[in-house]
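Biologist: Can you take me through this one? I'd like to start with charged pairs, then move on to helix packing.

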Amino acid sequence: MQLLNRAYIKIYFLVLLLYVFFNKGFAYSYMAELILVTGIFILFINRKNVELGIDIKQILVSIFILVSFLFILVGLFQYPILSVLRDSLAFQYAWLALIIYFLKNEYYFIWQKIILIYKWVPLVLFLNFILFYFIFLFLPPINIFGNQSIIIYKNGDKSVHLLISTILMFLYSENYSRKWLIANTILIVINFLILLAFTRSGSVAYILALFSFFFFSKEKIMNESVRTLLKFVPIIMVIGIGLFIAIDIQGDAQGRTVSLSQITDNFTSIVSSDIDGTLTDNKVWRLIWWAKIVNESFTLQHFFVGKGLGMSLAGNDILNTDDNLRSPHNFHLTILARFGYFVFIAWIIWLVSLFKPLFTRKLAGKTLAITSILLAFIINGSFDVFFEGPMGAFPFWTFVGLLFIENTYGSPTEIPS
């Protein structure tokens with residue numbers, strides 16, 4: 001059985017690597033769903049050895065999965081089965097957290113795989129940017145999975161993975177040579193400046209999560225390797241900003257350019273409506289839809305059980321109907337709209353239990369790192385369709401499973417050696 005578990009973990013993290021490196025271009029491979037079903041099968045054949053913690057976070061995750069299953073049974077009588085199952089994955093992906101928790105005996109092997117994957121992320125993200133904007137835009141689309149180009153990558157997702165790479169680099173800097181540490185930092189700076197121009201939610205997620213990692217730490221994070229790196233920060237910043245300014249991208253699909261003025265416009269548009277173009281339109285469109293969901297969820301018809309699974313929320317909530325637009329770009333409101341206020345309140349309780357130790361400065365080491373990483377996921381998922389699909393849900397629930405292991409068997413003051 002140990003050989004089966006080890007083989008499963010290797011395939012699990014190979015698939016995770018493909019989602020992290022290729023993102024939306026790999027989304028329609030359905031490999032995450034295959035990993036999910038296989039993991040549930042492994043849990044079933046090992047059911048006598050499955051150990052569930054009594055922590056409130058684990059209990060609530062189990063409740064979310066059970067509630068989602070009940071909603072599937074109801075939805076099958078009203079909507080096409082594929083639509084119901086697709087919507088149910090919003091919570092069914094949470095099985096991944098329980099699967100990772102079950103594989104706790106392979107904990108150190110799992111961390112080796114994660115560190116290795118994210119060690120390469122800054123380079124992969126920069127190459128993706130260069131390839132997409134300077135080569136693939138001028139070629140016929142290369143669609144391997146579904147109708148998505150294999151090189152397409154959502155900018156908000158990039159920010160979250162860049163944040164994970166940054167935190168793990170600080171935490172495990174001894175795994176990097178000095179040259180790799182400097183090169184990786186330069187790539188992180190360049191990627192971050194590009195993402196500041198291209199994504200508001202992703203930029204906020206990166207900044208707030210990294211700030212939380214340092215500010216709310218119970219222990220000192222800086223080790224000798226990081227202190228040495230700080231000597232090179234001025235040079236790194238000059239190189240990073242210089243390369244950023246040298247990049248000539250006139251506009252992405254939303255008309256955003258790689259420029260310092262675009263960064264200013266992005267952050268101004270968060271609090272102001274005086275910025276012209278799609279920035280304000282995008283914000284207003286979301287706010288109108290969110291307000292409709294909140295108001296409609298207060299009706300007697302939807303207060304307790306929401307609208308259920310299977311229907312396109314866009315087709316019911318906004319005038320410009322689109323069956324492919326099934327989520328209001330906010331995972332919390334997706335829960336509210338589909339499951340009602342009881343499940344929504346349980347979700348808020350879960351979030352509070354997740355982040356309260358962070359904000360009360362009770363965490364250090366891997367527990368601090370994982371919680372800060374999950375904060376980035378939650379922030380980005382509050383403004384994008386993130387957890388409803390495998391690109392965000394697969395890594396998110398993986399890190400939730402790792403946090404379950406830390407909470408049960410680890411030490412919140414552990415600093416990795």
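Modeller: A salt bridge here is a side-chain nitrogen of Lys or Arg within 4 Å of a carboxyl oxygen of Asp or Glu. This is a predicted model, where local features need pLDDT of at least 70 and side-chain atom pairs count only at pLDDT 80 or more, while totals for chains, interfaces and linings use all residues. Residues are numbered from 1 along each chain as its sequence is written, and side-chain values use heavy atoms, with hydrogens and water left out.

Biologist: How many salt bridges are there in the whole structure?

Modeller: Four. One of them joins aspartate 55 and lysine 57, with N to O at 3.4 Å.

Biologist: Is lysine 57 buried or exposed?

Modeller: Lysine 57 counts as buried, because its relative accessibility is 7%. Buried means under 20% relative accessible area, exposed over 50% and partly exposed in between, using a 1.4 Å probe and protein chains only. Aspartate 55, at 24%, is partly exposed.

Biologist: Which residue does arginine 6 form a salt bridge with?

Modeller: Glutamate 106, and their closest N and O atoms are 2.7 Å apart. This pair links distant parts of the chain, 100 residues apart: arginine 6 is in helix H1, and glutamate 106 is in the loop between helix H5 (95-102) and helix H6 (107-119). Helices (H or I, at least four residues) and strands (E, at least two) are DSSP runs, numbered from the N terminus. Arginine 6 is partly exposed at 30%, whereas glutamate 106 is buried at 7%.

Biologist: And where are aspartate 384 and lysine 154?

Modeller: Their side chains form a salt bridge at 3.2 Å, N to O. Aspartate 384 is in the loop between helix H18 (365-381) and helix H19 (390-409), and lysine 154 is in the loop between strand E2 (148-149) and H8, 230 residues apart. Both aspartate 384 and lysine 154 are buried.

Biologist: Helix packing next. At what angle do H8 and H9 pack?

Modeller: About 150°, with the axes of helix H8 (residues 155-171) and H9 10 Å apart. Axes are lines fitted to C-alpha atoms, for helices over the stretch in contact, and angles run from 0 to 180 degrees between N-to-C directions. So H8 is roughly antiparallel to H9. Angles under 35 degrees count as roughly parallel, over 145 as roughly antiparallel, 65 to 115 as roughly perpendicular and the rest as oblique.

Biologist: Which residues make that contact?

Modeller: Among them are Leu162 and Met169 of H8, and Leu181, Ile188 and Phe192 of H9. Contact means heavy atoms within 4.5 Å.

Biologist: What about H9 and H10?

Modeller: The axes of helix H9 (residues 178-198) and helix H10 (residues 200-215) come within 7 Å and cross at roughly 135°. H9 is therefore oblique to H10. On the H9 side, Ile188, Phe192, Leu195, Leu196 and Phe198 meet Arg200, Ser203, Tyr206 and Ile207 in H10.

Biologist: Backbone, last topic. What is phi at asparagine 23?

Modeller: Near 55°, a positive value in a residue other than glycine. Most residues other than glycine have a negative phi. Asparagine 23 is in the loop between helix H1 (2-22) and helix H2 (31-45), and counts as buried at 0% relative accessibility.

Biologist: And tyrosine 30, buried or exposed?

Modeller: Exposed, at 52%. Tyrosine 30 is also in the loop between H1 and H2, and has a positive phi of about 60° although it is not a glycine.
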